[in-house]
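Thanks, everyone. Let me put the model up, and then we go through it piece by piece.

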Amino acid sequence: MADDYLVKPGKKAKLADRDPADTSAFKSEEAAKAQLAEDAAEIDRLQDRLYAEGKRSLLVVLQGMDTSGKDGTVRGVFNQTGPLGVSVTAFRRPSEEEMAHDFLWRAHMAAPKRGTIGIFNRSHYEDVLVVKVHKLAPAKDIDKRYDQINAFEKMLTENGVTILKFMLNISKKEQRERLQERLDDPKKHWKFNPGDLDDRKLWDEFQAAYELMLENCSTDHAPWRVIPADHKWARNAAISAIVRKTLEDMNPQYPKVTWDPKSFRVE
Ligand code: ADP
């Protein structure tokens, strides 16, 4: 199932051919929700082993247009996972300090420690997305960033970090509904940002930047997956299945102790 979403390294991403409302991987919404609950519990068990092992880590990168459900994915997929071994980093407009460094500096600082899962809510990819669309850096600098990102991610993987990258793919129509909800529901007003409307006007430019990113940075060591995200339940179930499978394949082990537990007695 995981491979339906893969962008094959070196191949075109063909975003226009990928249906954001696709739910064909699931028998029903109910079945997907049941699977998500099982996956979330299993992710917690595997995370405990990863933490105990203390040798490797998992980095989950979430990218997507405004309202694509990055926060919702974190809540939906990792809601069972003990907070000890998970860190979530939101990448906002860079601070003065961050701007004074290379664009990968803050991503490297936030990379997950051995034994933990790190989630990037937005990521270093903003530097070839929003920065490209809004021309916040010279084009010749941005062009070099794809290779720089690939090299950075290669270095991480060679140092024990497994990388999963998910583009949450929503349709323009679904985004309209979600933005309107933020205006209609007082509990969601805080999520509304008038700047999101400006970015919506640049929808096509953003899609083009996403295509380029997917094409240039889906690698064997850190492939991109495009997740249909118009249906929140399908999005969460797809991602939880992939995260679980990845952790199962990593197969972290509780360390063997060098002492005999029977030689101690707790009085
Ligand atoms: P979110 O929309 O993810 O809930 P915010 O409302 O804080 O969170 O928005 C973060 C904003 O920061 C987004 O508009 C995003 O495009 C912007 N951003 C992130 N990284 C960069 C960057 N490197 N340069 C400029 N803007 C960035």
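Start with arginine 122. Is it buried or exposed, or something in between? Its relative accessible area is 22%. Buried would need a value under 20%. Exposed would need over 50%. So arginine 122 counts as partly exposed. Keep in mind that this is a predicted model.

Where does arginine 122 sit? Look at the loop between strand E3, residues 117-121, and helix H5, residues 130-133. Now the backbone. Phi of arginine 122 is near 70°, a positive value, and the residue is not a glycine. Most residues other than glycine have a negative phi.

There is another case of this kind. Lysine 14 has a positive phi of about 45°, and it is not a glycine either. Find lysine 14 in the segment before helix H1, which covers 29-53.

Back to arginine 122, as it brings us to the ligand. Arginine 122 is one of the residues surrounding the ligand. Others in that shell include Asp66, Phe91, Arg92, Arg93, Pro94 and Arg106. Glu126, Asp127, Val130, Val131 and Leu136 are also there.

Which part of arginine 93 lies 3.2 Å from an oxygen atom of the ligand? A backbone N or O atom. With arginine 106, the side chain is involved: one of its N or O atoms is 3.1 Å from a nitrogen atom of the ligand. Aspartate 127 also uses its side chain, with an N or O atom 3.3 Å from a ligand nitrogen. How much of the ligand does the protein cover? On its own, the ligand has 570 Å² of accessible area, and the protein covers 79% of that. And the site itself? The ligand sits in the largest pocket.

Last stop, glutamate 174. This residue is in helix H7, residues 172-184. Why do we call glutamate 174 buried? Because its relative accessible area is 17%, and the cut-off for buried is under 20%. What does its side chain touch? The side chain of glutamate 174 makes a polar contact with the side chain of arginine 178, at 2.8 Å.

One distance to finish. Take glutamate 174 and isoleucine 43. They are 131 residues apart in sequence. In space, C-alpha to C-alpha, glutamate 174 and isoleucine 43 are 29 Å apart.

Methods
Residues are numbered from 1 along each chain as its sequence is written. This is a predicted model: local features need pLDDT of at least 70, side-chain atom pairs count only at pLDDT 80 or more; totals for chains, interfaces and linings use all residues. Side-chain values use heavy atoms; hydrogens and water are left out. A residue is near a molecule or strand if one of its heavy atoms lies within 4 Å of it. A polar contact is a pair of N or O atoms within 3.5 Å; within protein, one must be able to donate a hydrogen and the other to accept it, and residues adjacent in sequence count only if both atoms are side-chain atoms. Accessible areas come from the Shrake-Rupley method with a 1.4 Å probe; for residues, only the protein chains shown count as cover. On a 1 Å grid over the protein atoms alone, a cavity is a set of points where a 1.4 Å probe fits but cannot get out, and a pocket is an open set with protein on both sides within 12 Å along at least five of seven lines; lining residues have an atom within 4 Å of a point. A molecule sits in a cavity or pocket if more than half of its atoms lie within 2 Å of its grid points. Helices (H or I, at least four residues) and strands (E, at least two) are DSSP runs, numbered from the N terminus. Buried means under 20% relative accessible area, exposed over 50%, partly exposed in between (1.4 Å probe, protein chains only).
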